[in-house]
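The stops below go from one selection to the next.

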Amino acid sequence: MPTILRENGWAVVIHTDDHAPPHVHVKRDDGYVKVHLAGPDGLPQVVRIVRVADHEAWRALAIVFKHQQRLLREWRNIHA
């Protein structure tokens with residue numbers, strides 16, 4: 001499970017044996033936020049929050065939004 005980037009204490013991870021749709025796990029401490037990289041409107045969408053406060057989940061989503069195109073490329077390369 002490669003860590004694609006780190007930002008503000010968060011690690012953005014793509015699991016190599018994971019499933020579609022393209023998504024990432026944004027991890028911090030013992031919690032994570034699962035984010036689909038392109039929801040129905042084409043924007044990243046939070047689909048699961050585990051042991052992360054809602055206001056922190058927004059920070060994780062902002063990181064994914066900022067790097068959306070790069071993360072989509074990485075997900076496709078890993079799962080090609």
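Which residue in E3 is the bridge partner of valine 12? Select valine 12 and look across to E3: the partner is valine 26. Bear in mind throughout that this is a predicted model.

**The sheet**

E2 and E3 are paired in the antiparallel sense, over three bridges. Now widen the selection to the whole sheet, which is open and built from five strands in the order E1-E2-E3-E4-E5, with antiparallel pairing. At its edges are E1 and E5, each of which pairs on one side only. Direction ignored, neighbouring strands of this sheet are turned by 20° against each other on average.

**Helix H1**

Next, select residues 54-66, which make up helix H1. H1 has 13 residues and spans 19 Å from its first C-alpha to its last, close to the 18 Å expected at 1.5 Å a residue. Show the side chains of Glu56, Ala57, Ala60, Leu61, Ile63 and Val64, the buried residues of H1. Turn the view until you look down the axis of H1: these buried residues fall within an arc of 155°, so they line one face of the helix. On the face turned away from that buried side, pick out Trp58, Phe65 and Lys66, which are exposed.

**Histidine 23**

Finish in strand E3, where histidine 23 is found. Is histidine 23 buried or exposed? Its relative accessible area is 2%; the cut-off for buried is under 20%, so histidine 23 counts as buried.

Show the side chains around histidine 23 and look for two polar contacts:

- Aspartate 18: its side chain is joined to that of histidine 23 by a polar contact of 2.8 Å.
- Histidine 25: a polar contact of 3.5 Å links its side chain with that of histidine 23.

Last, select Ile14, Asp18, Lys34, Val35, His36, Leu37 and Trp75, the residues in contact with histidine 23 once its neighbours within four places in sequence are left aside.

Terms used:
Residues are numbered from 1 along each chain as its sequence is written. This is a predicted model: local features need pLDDT of at least 70, side-chain atom pairs count only at pLDDT 80 or more; totals for chains, interfaces and linings use all residues. Side-chain values use heavy atoms; hydrogens and water are left out. Helices (H or I, at least four residues) and strands (E, at least two) are DSSP runs, numbered from the N terminus. The expected span of a helix is 1.5 Å times one less than its number of residues. Buried means under 20% relative accessible area, exposed over 50%, partly exposed in between (1.4 Å probe, protein chains only). The arc is that of the directions from the helix axis to the C-beta atoms. Two strands pair if DSSP finds at least two bridges between them. Axes are lines fitted to C-alpha atoms, for helices over the stretch in contact, and angles run from 0 to 180 degrees between N-to-C directions. A polar contact is a pair of N or O atoms within 3.5 Å; within protein, one must be able to donate a hydrogen and the other to accept it, and residues adjacent in sequence count only if both atoms are side-chain atoms. Contact means heavy atoms within 4.5 Å.
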